[in-house]
Amino acid sequence: MKLILKNPFKKKFIAVLAIIGIGIGIGAMVALGFVTDSVINGIDNKIHNSGIDMLIKGEKVNLTDPNIVFYGPNKPLNKSWLDTIKNTEGVDSVAGVYETKFLNKNMLVPINLIGMENTSLKYQGNITNGTAFNDDSKEGIISSGLAKIENKTVGDDYKIDDDDYKIVGIYEPDNLMGVSLSFITSLKNVQDYVQDSENLSNVIVKLKTGVKSEYVSKELKNEYGDNIDVSTSIADNGVMGEMISMLKQLSLAISLLALLIGGIGILNTMMMSVYERTREIGVLKAVGWKNKRIITMVLGESLVLTMVASIIGTILGILLSMIVLKFLMDDVSLVFSINTILQAVIFAIIIGLVGGFYPAHKASKLPPTEALRYE
Amino acid sequence: MSFMEIKNLKKSYENGLIKALDGVDLTIEKGEFIAIIGASGSGKSTLLNMLGGLDVADEGTIRIGDYDLRNTKKLNEFRSKFVGFIFQLHNLISNISCAENVEIPMYELKMSNKEMRKRSLELLDLVNLKNKASSDPKVLSGGERQRVAIARSLANSPAIILADEPTGSLDSKNTENILKLLQELQIKENITLIIVTHDLDVAKHANRIIEFLDGKIINDNKNN
Ligand SMILES: Nc1ncnc2c1ncn2[C@@H]1O[C@H](COP(=O)(O)OP(=O)(O)O)[C@@H](O)[C@H]1O
Ligand SMILES: [Mg+2]
């Protein structure tokens, strides 16, 4: 079926225009997909490097539940879970964390108050100044961002509501809980502050070496899936998770836009092509070509166009994501996700079929007598 | 029973305002070489369309072989198996080779690519253009293109060849060559050849000349 390969390029200008249009849409899709996946992968690597393999929170709060105001998106977790999780196969160690927020008269935004035992501090980031706190004292460490805004340094006092804490260290947050404006003190201090010694807000899990987090998370989900929320990736979790799901929605929106514009572009290109080849198609019908074969030919042509566009778009997307990562996120390396490429190819096929269908149908209905007309 | 039987065939356009065929009766035997002449607009092409199963008449009967062309759902099959068309314009497809053009009617005949290529080369040889098999029709002269079109019309070994002004855009020398070629093939393969023309010199080659006026046959002469 040489015609399928050669016909689309007879009218080069129009074909190129359609290809560029669809190519850009697919390029944007691919770039967004690659960047998102690369960022997730980069952050996940960081988290896992800091020793966290999984993060477990209480069950997700239904979005219509008014308690969401108090808990955030997850309910608290009873501290008995600590043992349950620790005794799960593959788990090496667990650490309980209590996160809450407090208001400070100098600041408009609430500040994170994180409670954890000092042995778990390594999961939060690096102490760049001073030392870790003592679990039994009223001391804590302050994130560098908060220290700067509050103009505090090691040795100063820090007041949270009516409690006075001594700042013993400043740390640089670097993982999924390490929000930039935070104060960390012992788990006990925070539980006292919230007057809730029964619960935790999340449990950090470190697995035995060689154990796959996907495997353990699946086991936990199977066993306790209704009561806890297990995440192995930043993409499942918290603010980053929401940002990522927004990015994914944006990517979907771009894809749909590409589908629409691309579909219309292909429709237009193929309509013109069919119209210009009225006589040629008449000949094909005159010599006995069935409608099915003519539809196949036109659809095939439109698919060739969109496949070329998807190849160009994918290359464009790879280049674009390389540039974005190079200039905006130098430490994140590019991840070529097959899913994204697959998604681009499937979209191209859908565009080709949707945009090509009507012209193909039209072509098959052209009267063969057109071939004989001589004007 | 004759090969083709046409009775009281009528076809009109523009809601009956134009009577392109106004009651045509005609019988044609296998292997005849017929020229259809007549003024422009007299219905020649319309008749050819009906004979080739490209269009369906409004009234009357038209039977060719076993096909009742006014009441069949298999016009495609009829064209594909029995008819070869030659048009005034060569209607070759550019960007593909002459051989590929000749192969176009073979797609519906369940032939393998190899068989198709073999046959298209044989046919191009028959019209003396084997050396142009891989050329784009764009680079051929008018006469050569029409010869490729003839090769294409023979692709399905048709029982009938219908040619609408096949020499209309050729000079007299090329016209003479094309006609000789068609006549040779027609005799050799016992093809029923029907040519529409307004050129009496062309018509003289035929065994039978049918003249049209206003959608009706006004003369039907056997030459020999
Ligand atoms: N598709 C069509 N629509 C409307 N009128 C047509 C059509 N085809 C042919 N006609 C008319 O029918 C008449 C016969 O046409 P045609 O068979 O092409 O004549 P010829 O081939 O003898 O010149 C002419 O008046 C022509 O204008
Ligand atoms: Mg005519």
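Predicted model: local features only at pLDDT ≥ 70, side-chain atom pairs only at ≥ 80, totals over all residues.
Biologist: OK, chain B. What's the strand order in the six-stranded sheet?

Modeller: E6-E7-E8-E3-E9-E10, an open sheet with mixed pairing. Strands here are DSSP runs (E, at least two residues) and helices are too (H or I, at least four), numbered from the N terminus. Two strands pair if DSSP finds at least two bridges between them.

Biologist: Which strands sit at the edges?

Modeller: E6 (83–86) and E10 (216–222) of chain B, each pairing on one side only. On average, neighbouring strands of this sheet are turned by 15 degrees against each other, direction ignored.

Biologist: How many bridges link E9 to E10 there?

Modeller: Six, and E9(B), residues 208–213, runs antiparallel to E10(B). One pair to look at: B:Ile210 has B:Asp220 in E10(B) as its bridge partner.

Biologist: Which helix packs on that sheet by touching E3, E6 and E8?

Modeller: H6 of chain B, residues 172–189, and its direction makes about 155 degrees with that of E8(B). Axes are lines fitted to C-alpha atoms, for helices over the stretch in contact, and angles run from 0 to 180 degrees between N-to-C directions. Contact means heavy atoms within 4.5 Å. There's also H2(B), residues 75–82, which lies across E6 and E7 (160–164) at about 80 degrees to E6(B).

Biologist: And the four-stranded sheet in chain B, parallel or antiparallel?

Modeller: Antiparallel, an open sheet in the order E2-E1-E4-E5. Its edge strands are E2 (18–28) and E5 (67–68) of chain B. Five bridges join E1(B), residues 4–13, to E4(B), residues 59–64, and B:Lys10 stands opposite B:Glu59 in E4(B). Helix H1 of chain B, residues 44–51, lies across E1, E2 and E4, at about 125 degrees to E1(B).

Biologist: Switching to salt bridges. How many over all chains?

Modeller: The structure holds 19 (a side-chain nitrogen of Lys or Arg within 4 Å of a carboxyl oxygen of Asp or Glu). One of them is B:Asp58 with B:Lys11, with the closest N and O atoms 3.8 Å apart. B:Asp58 is in the loop between H1 and E4 of chain B and B:Lys11 is in strand E1, so the pair ties together parts 47 residues apart in sequence.

Biologist: How many salt bridges between chain A and chain B?

Modeller: Two. B:Glu108 forms a salt bridge with A:Lys290, closest N and O atoms 3.4 Å apart.

Biologist: How much area gets buried between the chains?

Modeller: About 2,300 Å², with carbon and sulfur atoms giving 61% of that. Buried area is the accessible area (1.4 Å probe) that two parts lose on being put together, summed over both.

Biologist: Last topic, chain A strands. What does E8 pair with?

Modeller: Its partners include E5(A), residues 125–130, which runs antiparallel to E8(A), residues 163–173, over five bridges. E6(A), residues 139–143, has five bridges to E8(A) too, but parallel, with A:Ile142 opposite A:Ile170. E7(A), residues 157–160, pairs with E8(A) in the antiparallel sense over four bridges.

Biologist: How many residues sit between E7 and E8 in that hairpin?

Modeller: Two, and A:Asp161 in the turn has a positive phi of about 50 degrees. On the strands themselves, A:Lys159 has A:Asp164 in E8(A) as its bridge partner.

Definitions and conventions: Residues numbered from 1 in each chain as written. Chains lettered and ligands numbered in written order. Heavy atoms only, no water.
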